[in-house]
Amino acid sequence: MTYGFVIDNRKCIGCHACSVACKAEHDIPLGVNRTWVKAIEKGEFPNSRRFFSVLRCNHCANAPCTAICPTTALFTRKDGIVDFDPDRCIGCKACLQGCPYDALYIDPNANTAAKCNFCAHRVEVGLKPSCEIICPTQAIMSGDLDDPASQVAKIVATQTTSVRKPEKGTKPKLFYVGVDGDLLQPTKMEPQSAHLWADKQPGEDLYALLREKQGKTTPGVAREVYDVPHPPLWGRMIASYLWTKSIGAGTLLVAAILLGMGYKGESLLYIASPVLALIFTGLTVSLLVFDLKRPERFFYILIKPNPRSWLVLGGYILTLYGFLACLWLFFGFVKGAVPGVVFWLSAI
C-alpha cells in the first residue's frame with residue numbers, strides 16, 4: 001500500500017477551502033500552512049488568466065527530510081505516508097533546508113517541525129483527508145497508488161501527470177493533472193518586489209509601473225499573485241558557528257603539524273593550544289544548541305540518533321574531538337608531552 005495524491009488543476013478554482021479545512025483539522029497557528037494555494041497570472045489584458053495550484057508535502061518515496069532529520073522525528077510509514085513525531089523533534093530546521101518543496105515549517109507554538117501528514121489519523125479509520133472532503137470541485141483526490149482499481153492509480157496510469165522537481169530524485173507521490181508549468185517551476189517567473197495589485201493607483205498602467213520599478217518586467221510573462229511566506233531558516237548563530245568551529249579545529253591542527261615536524265614549544269603546544277581548542281569547540285556546541293527551537297532536547301541527537309543524518313555524524317565528531325582535546329590537555333599537564341597517536345587523531 002502506497003498512499004498518494006492527485007490534484008486536477010483543471011478543476012481547481014483557487015477557493016482556499018483546502019487550506020482552511022487543513023488549518024481547522026490540525027489547529028494550525030496563523031502564519032504557517034500545511035497546504036496552501038499558489039496563484040500566478042499570465043498574459044496581458046484583456047487576454048490574461050489566473051492559474052492556481054495546491055502545494056504541500058509530496059510524501060516522497062525518497063524523502064530527504066527523513067534522511068536529514070537527526071532524531072528520526074520525520075519518518076516514512078509502511079503505507080507510504082511521511083509522518084512526524086513532535087515529541088522527538090529538536091527544532092534544528094535541517095528538514096526545512098533539506099525539503100525541495102518548502103513543505104515544512106516550525107510550529108510557532110510547539111517550536112517543532114510540522115507539515116502535511118496526509119491526515120493520517122483520518123486515513124487510519126477509513127476516512128479521506130480533510131482537504132479532499134472539503135474541495136467543492138473534487139480537484140483533490142487521494143488513494144492507494146499500488147491498487148490498480150483506485151481512482152488515483154487509474155489517473156496516474158492513463159493521463160499525463162506532472163510532479164514538482166523530478167530532477168531531485170525524491171520520487172514525489174503528489175501528481176498534478178493539467179497544471180501550468182510555471183506553477184511547478186517558480187524560477188521561470190520574474191521576481192517581483194510586491195504583489196501585482198498592491199501598489200497600483202486608480203488610472204495607473206500596472207505593467208508600466210512594474211517595468212519602472214524593476215526595469216525588466218515583460219507583459220505576458222508569468223507573474224506571481226499569491227504565495228505563502230518562505231522566511232530564511234538560519235541566521236547569525238549558524239554563521240558564527242562556522243567561524244568558531246574553524247578556530248577550534250585549526251588550533252590543534254596547526255599544533256599537531258608543528259609537533260609532527262619536531263617543533264618544541266611546551267606551554268604553547270601542550271597547554272595553550274588544547275585550551276583554545278576546547279574554548280572554541282565549546283562555543284561551537286553552544287551556538288548549535290541555542291539555535292535549536294527546542295534546545296533542551298539537544299541530547300536527543302546522541303540518545304535517539306538517525307544514523308543516516310549528517311547532523312548526527314557531526315555531533316559524534318564534535319564529541320570525539322572534544323574528548324581528544326581533553327586528552328591532549330591532560331598529557332600536556334601531567335607528562336609534559338603528547339603521544340603521537342593523540343595529536344595525529346586530533347589533526348584528522
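This is a predicted model: local features need pLDDT of at least 70, side-chain atom pairs count only at pLDDT 80 or more; totals for chains, interfaces and linings use all residues.

Biologist: Happy to start on the surface: is Phe 299 buried, partly exposed or exposed?

Modeller: Phe 299 sits in the loop between α10 (266–290) and α11 (300–303). Its relative accessible area is 35%. Buried means under 20% and exposed means over 50%, so a value in between makes Phe 299 partly exposed.

Biologist: Now to Gly 143: how far apart in space are Gly 143 and Met 1, C-alpha to C-alpha?

Modeller: Gly 143 lies in strand β8 (residues 140–144) and is buried, because its relative accessible area of 9% is under 20%. Beyond residues up to four places away in sequence, Gly 143 touches Thr 2, Tyr 3, Gly 4, Lys 128 and Val 152. Gly 143 and Met 1 are 142 residues apart in sequence, yet their separation in space is 9.3 Å.

Biologist: And how many residues does the largest nonpolar core have?

Modeller: Tyr 176 is one of the residues with the most contacts inside that core, and others include Phe 5, Cys 65 and Ile 140. The contacts of Tyr 176 include Ile 7, Val 54, Leu 55 and Leu 184. A second, separate core of 14 residues includes Leu 259, Tyr 321, Trp 328 and Phe 343. For the largest nonpolar core, the count is 50 residues.

Technical notes
Residues are numbered from 1 along each chain as its sequence is written. Side-chain values use heavy atoms; hydrogens and water are left out. Helices (H or I, at least four residues) and strands (E, at least two) are DSSP runs, numbered from the N terminus. Buried means under 20% relative accessible area, exposed over 50%, partly exposed in between (1.4 Å probe, protein chains only). Contact means heavy atoms within 4.5 Å. A nonpolar core is a set of buried Ala, Val, Leu, Ile, Met, Phe, Trp, Tyr and Cys residues joined through side-chain atoms within 4.5 Å.
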